[in-house]
Structures are given as C-alpha cells and as structure tokens.
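Take a walk through this fold.

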Amino acid sequence: MYDLPVDSLEAKRCYRQFRDKLLDDGFCMLQYSVYGRPCPSIENCEVHIRRVEEAVPPAGEVRVFTLTDLQFARMRVFFGREPKKPEEPPGQLSMF
C-alpha cells in the first residue's frame, strides 16, 4: 500500500516509476494504491519486499504486509452495501 505525493512533475514521475516497477515485478492492483502479489514461500516474499524497498521514491509512504492464501480468501469485499465475492486466492505453485 502506498501514498505518494503527485504535487509536482518530479513527484508524478517518481509515482509512475514506482507503480511501473510494481507491475513489472508481478504485482496487480487490488485498489488504487493497493497492490498485491502471490508468492509461493516466505523466502520468495522477502525477495519481492526487497525489490519494493529498493524502488521506494524519496517522498511518500509505502507499507508492505504479508498474508496467507487462506487469509486472502477470507477477505470480505463490499461494493456499496452489496457484498461481492472476492477474487480467487492465488493457486499453489505447480511443479512440472
């Protein structure tokens, strides 16, 4: 989750670069400024957390937290007052 300033051309450029790095690393947008990425292990998760840390712009705030696929599946999503089924949790890593 992030809250980055966009009050100048330089800040907007930093915002776009940060968002592009998230997308390039396999993150997908869950909500505005909230991105998620499935990881098969905590070790893999740490790799992606380091990549996020390296990409953090000089201004603003970025928060990273982890949750399991079961916790993600228990999420409740509301649009207006009507509940809606959340996205499917990411599948387990398949080995070929």
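**From the surface inward**

On the surface, M1, F65 and L67 form a nonpolar patch with about 300 Å² of accessible area together. Patches consist of residues with over 30% relative accessible area and no salt bridge; like charges are joined within 9 Å, nonpolar side chains (Val, Leu, Ile, Met, Phe, Trp, Tyr) within 5 Å. Accessible areas come from the Shrake-Rupley method with a 1.4 Å probe, and for residues only the protein chains shown count as cover. L67 sits in the loop between strand 4 (61-62) and helix 3 (69-73). Its relative accessible area is 39%, so L67 is partly exposed. Buried means under 20%, exposed over 50%, and partly exposed in between (1.4 Å probe, protein chains only).

This is a predicted model: local features need pLDDT of at least 70, side-chain atom pairs count only at pLDDT 80 or more, and totals for chains, interfaces and linings use all residues. Residues are numbered from 1 along each chain as its sequence is written, and side-chain values use heavy atoms, with hydrogens and water left out.

Now the whole chain. The protein has 3 helices and 6 strands. Their order along the sequence is β-α-β-β-α-β-α-β-β. Helices (H or I, at least four residues) and strands (E, at least two) are DSSP runs, numbered from the N terminus. The C-alpha trace spans about 40 × 40 × 20 Å along its principal axes. Of the 96 residues, 19% count as buried. The accessible surface comes to about 7,900 Å², and 54% of that belongs to carbon and sulfur atoms. Among contacts with a separation of 6 or more, 40% are between residues 24 or more positions apart. Contact means heavy atoms within 4.5 Å.

Two loops deserve a stop. P5 lies between strand 1 (2-3) and helix 1 (9-24). At a relative accessible area of 28%, P5 is partly exposed. Leaving aside neighbours within four places in sequence, P5 contacts A11, A59 and G60. S33 is in the loop between strand 2 (28-31) and strand 3 (34-36). Its phi is near 65°, a positive value in a residue other than glycine. Most residues other than glycine have a negative phi.

Is H48 buried or exposed? H48 is buried, with a relative accessible area of 5%. Its place is helix 2 (residues 42-55). Residues up to four places away in sequence aside, H48 touches D25, F27, R37 and C39.

Side chains of opposite charge can pair when their charged atoms come close. The whole structure holds 3 salt bridges, each a side-chain nitrogen of Lys or Arg within 4 Å of a carboxyl oxygen of Asp or Glu. R51 pairs with D25, the closest N and O atoms being 2.6 Å apart. R51 lies in helix 2 and D25 in the loop between helix 1 and strand 2, so the pair ties together parts that are 26 residues apart in sequence. R51 is partly exposed at 43%, while D25 is buried at 13%.

R13 and E10 meet at 2.5 Å, N to O. They are 3 residues apart in helix 1, so about one helical turn separates them. R63 and E61 also form a salt bridge, at 2.6 Å, N to O. R63 is exposed, at 52% relative accessibility, whereas E61 is partly exposed, at 38%.
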